[in-house]
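This report describes how two protein chains meet in one model. The sequence and structure are shown first, and the account of the interface follows.

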Amino acid sequence: MQMETQSPSKPRAGIRTYLLVFLGLAVITGVEIGLATVGLSRSLRVPIFIVLSLVKASLVAAFYMHLRSDARFFTAIFITPVVLILAVAVLFVIA
Amino acid sequence: MREATRSADEAGMFAAGVRLGLDHLKLGMWLFLASEVMFFGGLISAFMHFKVNNPSPESSLLDVVLVGLNTFVLLTSSLTVVLGLAAIQRGDRRGLIGYLTATILLGTAFLVGQGNEFATLYRHGITLSSSLFGSSFFTLTGFHGLHVLVGICWALSTLVKALRAGYSQGSYLGVEVFGLYWHFVDIVWIILFTLIYLI
Amino acid sequence: MSMSTEAVTPGRGWRRYFTWNTDHKVIGVQYLVTTFCFFLIGGLLAMLVRAELAQPGPDFLNGTEFNRFLTNHGSVMLFLWIIPVLAGFGNYLVPLMIGARDMAFPNMNALSFWLIPPAGLIMLASFFVGAAEAGWTAYAPLSIQTPVGQTLWAVSVIILGTSSLLGAVNFVTTVFTMRAEGMTFWRLPLFVWGMLATSLLVLLATPVLTAGLVLIAMDRMAGTLFFSASNGGDPILWQNMFWFYSHPAVYIMVLPAMGIVSEVYPVFSRKPIFGYKAIAMSSMAISILGLTVWAHHMFTSGMDPRLRIPYMISSMIIAVPTGIKIFSWLATIWDGKIRFTTPMLFALGFISMFLIGGITGIFLAAIPIDVHVHDTYFVVAHLHFVLFGGSVSAVYAGLYYWFPKITGRMYDERLGKVHFVANFVGTNLTYLPMFLAGLLGMPRRVSDYSPEFTTLNLLATLGAFLLGTSALPFIYNAVVSWVSGPKAAANPWRALTLEWQTDSPPPAENFHQPPVVNSGPYDYGQPMGVSGQAQAVPAVGD
């Protein structure tokens, strides 16, 4: 018998949620392509696109990879290197 | 990838994990993905180090719209993976087979799209050794492409097992673990697309 | 799914150590023996280097040959000996110590081991095509320009990194999901905490080195321009990527060793460990802080000067959890009923010599001092005191301590003591003069030096040969005792951790019945748990 994960943070998402998330991902991607072709200034472009990409990545991680409904430890395992490498990347760029 | 069958014996061995809500195969995969974050992060840090400190006019040759469409293809493949998982979780074997097939086709389409982008740049004389831009672009996207290729092979082997009725409503962990890998590769592309093409 | 056990393995006795075997105890022995062979090779390379350096002027090695022996001495010792031997201890002990039957992923465990011999052969084969000669640090642009052996070196290190990484995935998963009933995290033996802290670093740091090595390999083989300054590349990027791993690597090389001595002190002082939680948490603190200090290896590289002081401060802060551990160990043995067995002697040697290495590390963290002694023999002395005086002493302590458990036989105690004395004297004789040589200005990685350093170098060479010779009583002791030593009891040291509550050597499934834990690992007066094996409970006050 499949061992269901005990103590989930939240109940698992259903198909409707998956489709809604996909819609969100598609819309954001469309917005990104649109904004890219329009040609914004660098100081606008960089934060907007970075935030949009983090939103997309979080949607995939939280819903498609079930981080939202699985044991919190998995989230910690994923977030820790992300934070670390963000700091490293910033250091590599500015220094 | 072998399917974890749940004998009482094995359930006993991993009892501590069950109490914590941690399946050992999923835990192992998440730990591996953490290391992959650091690996791609290392390559990305190198890429950004050069992009910011040595910007190149060659980046204007990048085709945002076409590769943006390719991004859409890969995002769709993540949807098909998770719909496939949802299918087998309700015992729908044929649904799983269909969605896995769609994933393989979409993943292949993504690689074809990437190959097209590579060929376009190559025609403009940009290669691994022609310039620092070429070196960093092809290395970063090349390693991502390799990861997609590995994912396609894994999807194929998952499909073969699904065709042999290897998964069921009570036993689908292998599909889920494959899904974790595939979604991760998708997330990496989301970041790469932004850093290479958008900003 | 069936667990691979000895009964399923082809061959009996020694033959199974040459096969693909998924039993963590077999894999552990494979690691220990294989890495020890590489230790001897690395030691041989060291003695060739020291022979050349006994006198100024070229003796029997030209500059290139010297650089190759030196580079491979460092690379073999770090990547093929100290990192994997500690993983080998982890492999053998972690499942036993937590009361599990094996590791979480037994096949991946076997893979982790079997990646090592080919990687080692690749690195050593480089001698036939022009061995790597850019130091174990392989700085660009030199490492891009050297002959093809350097590429083999890079490939070898990538493979070894992969082995290490897979091991870390296995260790963490095993500890989180396979602890016996009653084995809470606060009852884990400190060696297991050491392996957890180490695994965190392996997972987070190794892949960045892999990425850097990929860039080096691509510069060498595919003509990429990452480290080609004239084309916009940046050699300092390599230094950053390299040290981002290689500084945590030194904690990977010492945290399990600290775990080993944490096991040894309470047993041979007949006292509970002092500050169990402090030691456990300090291990995690060292691990986390260790990820933030790498640029202290780059103070003289021309790095951004605004960053130097932050790195100096973070490097010095690591001394705090380290000091907590050292004081806790001292408090453990204080007023204890000490038995000076060979493992205890090596563990005591560890404290004294690691202390010298650690404190000189703090000197090096201070930028004004580092600017003066960077790339001199002061650094060579520092690193050998922590790695050889420290980690290797702990490895020997562990090999002697768990020898009866692993082999089922007892080693010869007198030979062990001879080994200890020769090792202790040899280590100090070899490396203490190097501190002085470095302060007086002798650079490292040179095959020739100014004549005023002759006496110091001669002393170091004598010490090195003593060290080389000191391995002989150990090898003899280990081999002869394993084959025909007196049979060992299940718990000859009267220790409390779970590996001692089962047979020596343990049965295939580790415990005749899964243990149930009801006390801590160092609570003298009561064993941790009861396996199916009947064990006389030590009398209170024993």
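A polar contact is a pair of N or O atoms within 3.5 Å; within protein, one of the two must be able to donate a hydrogen and the other to accept it, and residues adjacent in sequence count only if both atoms are side-chain atoms. By this rule, four residue pairs, both members at pLDDT 80 or more, are in polar contact across the interface of chain A and chain B. The model is a predicted one.

H3(A) gives the most, with 12 residues. By residue class, this side of chain A holds 33 nonpolar, eight polar and seven charged residues.

The contact as a whole draws 48 residues from chain A and 55 residues from chain B. Between them, the two chains bury about 4500 Å², of which 77% lies on carbon and sulfur atoms.

One salt bridge is found across the interface of chain A and chain B. Its partners are the side chains of Asp70(A) and Lys26(B), with an N to O distance of 2.7 Å.

As for confidence, the average pLDDT of chain A is 88, and 88% of its residues score at least 70. In residues 1-8 of chain A, however, the pLDDT is below 50; this stretch has 18 contacts in the model beyond near neighbours in sequence.

Note on methods. Residues numbered from 1 in each chain as written. Chains lettered and ligands numbered in written order. Heavy atoms only, no water. pLDDT = per-residue confidence, 0-100. Contact = heavy atoms within 4.5 Å. Buried area = accessible area lost by both parts, 1.4 Å probe. Salt bridge = Lys/Arg side-chain N within 4 Å of Asp/Glu carboxyl O. Helix = DSSP H or I, 4+ residues; strand = E, 2+ residues; numbered from the N terminus. Nonpolar A, V, L, I, M, F, W, Y, C, P; charged D, E, K, R; others polar.
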